[in-house]
Amino acid sequence: MKSLWSDEAAAAFNDDELGMRVYSSKLLGFDENLVMHGGGNTSVKATTEDFFGRTVEVLYVKGSGWDLKTIEKAGFSALKLQDTQMLAECATLSDPDMTQQLRALLLDPSAPSPSVEAILHATLPSKFIDHTHTDAIVTLSNNPQAARILKEVFPDCLILPYVMPGFILSKQVSDAIKRDDPKDYKGIILMHHGVFTYSDEAKVAYESMIELVSRAEAYITEYGSTLAATAEHDVDLLDLARIRNAVSLARGEAQLGVLDRSPDAQGYSMLETVADISSRGPITPDHVIRTKRIPVIIDTRPAKGVPEIDRYVTGYKQYFEENQTAQLQMLDPAPRVGIWRSAGSIAFGSSLRECSIISDIARHTRHAVQIGESIGGWQALPAEDIFALEYWVLEQAKLGKSTARKKQHQGKVAIVSGACSGIGNATCEALAAEGAVVVGLDINPEVVSQLGCDGTLGLECDLTNSKAIAVAVDHVISLYGGLDIVVCNAGIFKAGERIEEHTELTWNQILDINLTATQRLMTATIPYLKWGIAPSILIVGSRNYVAPGPGAAAYSVSKAGITQLARVAALELAADGIRVNIVHPDAVFDTALWTEETLARSAARYDISVEEYKTKNLLGKTITAANVGRLLSTMASDVFTATTGAQIPIDGGNDRVI
Ligand code: ZN
């Protein structure tokens with residue numbers, strides 16, 4: 001590990017001590033071998049002025065919710081230093097008392113909650129304190145030979161056995177430094193947890209961290225090795241959908257299943273010993289809230305029902321029963337990491353962000369486990385210590401459990417056709433706003449740039465080509481693990497096509513895109529939807545089916561065709577729990593089907609203004625693509641759980657339909 005310190009860059013932050021604290025914290029946050037996803041914390045002791053202009057000594061410590069990589073001055077909470085140090089002198093301090101007292105010592109009551117290690121930071125006498133959970137050092141401590149190895153590599157460090165973080169750890173360190181002056185040591189190694197370095201100079205504290213980590217890395221390079229092979233196997237995506245379904249049922253809500261097929265993930269999954277070595281525990285207990293204590297090991301070809309997940313759930317319940325001490329409520333028993341033999345590693349989560357964090361930790365873990373195994377044997381903390389952290393209130397608080405309404409489609413995967421504009425585009429937005437990961441298909445390549453943020457992805461796809469549809473659908477499954485919602489929306493409309501004017505070309509084109517492409521998309525997605533969570537197919541029909549008008553023969557026939565297709569699908573798929581429903585929109589003018597010119601022509605036909613034409617319905621309402629998108633999103637939700645084969649108009653009320 002190399003020091004990233006630059007005197008030149010540091011000078012830009014050197015307006016005060018907190019500025020320097022921001023600079024070197026970012027350097028630590030920059031390297032994921034030092035800290036990952038909000039892990040680690042830093043502090044600086046300085047003086048500031050209180051409300052009355054008096055100079056007070058404070059501890060600026062990382063606030064919870066901030067990541068070292070992106071931290072700013074506002075991410076540090078200022079605590080009254082002496083009073084914070086006094087807390088370490090308490091014989092005992094409960095978690096609620098510690099949280100309350102630390103909040104009471106904040107200079108600004110609206111500052112973020114200070115790190116759970118705040119008291120420890122206050123206790124160490126140096127100005128700058130750096131703390132990381134670096135893989136390399138923790139890996140050396142997860143070993144039956146840890147005492148010997150750590151002594152050999154860190155003869156100039158204070159090495160402390162594992163205790164629970166928070167007040168107990170602060171107390172352990174504060175007692176230890178009464179016996180041994182920390183200034184005689186380069187740092188403090190906390191077994192199975194991490195490392196502290198410190199100095200009155202930001203640069204020295206940071207570079208001590210780099211030096212200690214480098215030593216651990218050098219030891220690993222000399223004595224350690226990883227075995228990961230690189231063979232590549234094909235995976236059956238239907239198996240992936242089955243696994244993801246079983247995990248979702250175990251968690252009680254839809255989960256994304258993000259498969260990592262990197263050579264290193266596949267190689268690890270193929271190790272003969274993988275079930276043994278990966279089931280001994282995490283790198284550090286801090287990871288347990290993200291990944292659970294151990295992953296689930298899934299066979300190469302999971303059978304129907306994936307018994308591995310059932311066994312994992314039983315095992316988790318047993319672990320809970322064996323370790324619970326107070327009246328605790330069991331968390332969900334579903335795995336977060338799956339090691340799928342010969343296929344790779346799967347991260348299960350409710351959002352892409354959660355999956356990405358889990359995937360990162362899984363990658364670091366499989367590396368550390370192999371290294372540990374090669375230097376004397378991987379040995380994580382006993383299950384009871386991991387349990388204590390998993391069920392520690394202050395740790396659970398890090399997940400930021402919000403009391404906000406759970407989004408209806410959280411953890412679900414949706415495909416919407418004709419997504420580049422109009423109703424398709426609005427439906428993507430409506431589904432994504434409710435938490436779904438949405439893939440929009442369109443023949444227009446602009447769909448890629450139209451979508452692509454806030455949980456949406458645009459894929460160029462020719463819906464008149466069955467192969468192209470199959471490739472797109474498989475791509476979706478390989479990215480997210482399954483499929484729950486399909487919205488068949490793509491359609492074209494050619495006004496003024498009377499029957500006697502229709503050419504074979506336009507007739508076939510309209511039927512191919514509006515009708516047959518709907519069948520193609522349904523045929524390609526149904527096998528996956530059968531393993532979806534509360535799966536639902538939605539068909540965008542048209543008022544023209546119920547109340548046709550002259551001059552749109554092929555369009556009306558195509559919409560009648562997909563309506564009939566949907567009704568048959570509702571009959572065929574009910575036994576698999578797949579709901580199939582239809583909306584019949586009318587007069588939705590903010591779509592690609594309508595131009596200013598066609599609007600003006602239609603209004604002129606009735607001898608009314610465009611504005612009057614737009615609201616020519618019983619309710620006198622303007623109907624937008626967003627209205628239709630929201631209706632479709634609601635129909636995919638559990639509000640419609642008992643409805644299938646329904647046809648719902650969204651047309652402002654039409655006397656010909658009613
Ligand atoms: Zn820590």
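Just after helix H20, select Gly 481, which takes a positive phi of about 95°. This is a predicted model, in which local features need pLDDT of at least 70 and side-chain atom pairs pLDDT 80 or more, while totals for chains, interfaces and linings use all residues. Residues are numbered from 1 along each chain as its sequence is written, and side-chain values use heavy atoms, without hydrogens and water.

Next, select H20 itself, residues 466–480. Helices are DSSP runs of H or I with at least four residues, strands are E runs of at least two, and both are numbered from the N terminus. The end C-alpha atoms of H20 are 21 Å apart, which agrees with the 21 Å that its 15 residues should span at 1.5 Å a residue; the expected span is 1.5 Å times one less than the number of residues.

Colour Ile 469, Ala 472, Val 473, Val 476, Ile 477 and Tyr 480, which are buried (under 20% relative accessible area with a 1.4 Å probe, protein chains only; exposed is over 50%). Seen down the axis, the buried residues of H20 fall within an arc of 135°, so they line one face; the arc is that of directions from the helix axis to the C-beta atoms. Lys 467 and Val 471 are exposed on the other side.

At the start of H20, a side-chain oxygen of Asn 465 comes within 2.9 Å of the backbone nitrogen of Lys 467.

Move to helix H26 (625–635), whose buried residues include Val 628, Leu 631 and Leu 632. The buried residues of H26 pack against helix H18 and strands E15, E16, E17 and E18 (heavy atoms within 4.5 Å).

Key:
Polar contact = N/O pair within 3.5 Å; in protein donor to acceptor, adjacent residues only side chain to side chain.
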